[in-house]
Amino acid sequence: MSSFEDADTEETVTCLQMTVYHPGHQQNGIFQSIRFFNRQKLPSSEVVKFGRNSNTCHYTFQDKQASRVQFSLQLFKKFDSSVLSFEIKNMSKKTNLIVDNKELGYLNKMDLPHKCLVRFGDYQFLMEKEDGESLEVFEIQFSLSTRPLLQENNWLPQKPIPECGRYSSCSTQNNSPIEMGENEW
């Protein structure tokens with residue numbers, strides 16, 4: 001038998017592709033501590049934190065507008081599934097996290113969709129998961145966008161953003177007429 005036949009089969013690794021945008025990055029170097037375009041391998045048991053505190057966060061933002069710990073990502077496996085998934089948790093007491101159009105308050109968490117836009121303040125993160133087989137490790141790869149992701153990807157909110165800027169603090173009562181087709185009741 002040749003060494004080729006004896007070689008272990010290499011497992012594919014789940015990778016979270018993160019494209020990041022902030023309008024002040026060029027002037028302020030907000031993402032200067034993040035290594036772009038390199039896949040960074042992490043143990044699957046790791047809770048990955050993002051924020052401005054370099055002592056507790058894996059990925060830091062050089063910005064006083066960001067919380068010490070803004071949000072976290074954790075890998076998990078759903079019952080009866082071999083595919084790894086991520087959950088995202090808002091760790092900020094002062095700023096809500098918007099995942100697609102779902103607003104997460106402090107300590108709220110949800111399963112991260114396969115592809116989604118995560119926002120808080122002026123920050124925008126386009127997150128896309130590539131499935132892999134390994135249960136031991138996963139990878140994160142960052143890329144930087146020079147244009148807002150919201151417009152670049154035609155990411156239209158499913159409901160209009162209220163004038164107050166937050167879904168939960170505005171009245172959602174609609175007093176305007178609703179247009180209906182002739183077969184709708």
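This report describes the strand pairing, nonpolar cores and selected residues of a predicted model.

Residues are numbered from 1 along each chain as its sequence is written, and side-chain values use heavy atoms, with hydrogens and water left out. Because the model is predicted, local features need pLDDT of at least 70 and side-chain atom pairs count only at pLDDT 80 or more, whereas totals for chains, interfaces and linings use all residues.

**Sheet**

Helices (H or I, at least four residues) and strands (E, at least two) are DSSP runs, numbered from the N terminus. Two strands are taken as paired if DSSP finds at least two bridges between them. Five strands form an open sheet of mixed pairing, in the order β4-β3-β5-β6-β9.

Strand β3 (residues 47–51) runs parallel to β4, to which two bridges join it, and Gly51 stands opposite Thr60 in β4. With β5 (residues 71–77), β3 pairs in the antiparallel sense over four bridges; the partner of Val47 there is Gln74. Strand β5 in turn pairs with β6 (residues 84–90), again in the antiparallel sense, over seven bridges. Lys77 has Leu84 as its bridge partner in β6. Strands of a sheet pair through backbone hydrogen bonds, either parallel or antiparallel.

**Backbone with positive phi**

The hairpin of β5 and β6 has six residues between the strands, and Asp80 takes a positive phi there. Leu107 also has a positive phi although it is not a glycine; its place is in the loop between β8 (102–104) and β9. Most residues other than glycine have a negative phi.

**Accessibility**

By relative accessible area, buried means under 20%, exposed over 50%, and partly exposed in between (1.4 Å probe, protein chains only).

| Residue | Relative accessible area | Class |
|---|---|---|
| Cys15 | 0% | buried |
| Cys57 | 7% | buried |
| Lys129 | 11% | buried |
| Leu107 | 45% | partly exposed |
| Asp80 | 86% | exposed |

For a disulfide, defined as a pair of cysteine sulfur atoms within 2.5 Å, the count comes to zero.

**Lys129**

Lys129 lies in strand β11 (residues 123–130). Its side chain reaches the backbone oxygen of Leu84 at 2.5 Å. A contact requires heavy atoms within 4.5 Å.

**Nonpolar cores**

A nonpolar core is a set of buried Ala, Val, Leu, Ile, Met, Phe, Trp, Tyr and Cys residues joined through side-chain atoms within 4.5 Å. The largest contains 33 residues, and those with the most contacts inside it are Phe61, Phe71, Ile88, Leu112, Phe125 and Met127. At least two residues of this core come from each of β1 (14–21), β3, β5, β6, β7 (97–99), β10 (115–120), β11 and β12 (137–144). A second, separate core has five residues, including Tyr21, Leu117, Leu149 and Leu150.

Leaving aside neighbours within four places in sequence, the contacts of Ile88 include Phe71, Leu73, Leu97, Val99, Leu104, Leu112, Val118 and Met127. In soluble globular proteins, nonpolar side chains tend to be buried together.

Key
A polar contact is a pair of N or O atoms within 3.5 Å; within protein, one must be able to donate a hydrogen and the other to accept it, and residues adjacent in sequence count only if both atoms are side-chain atoms.
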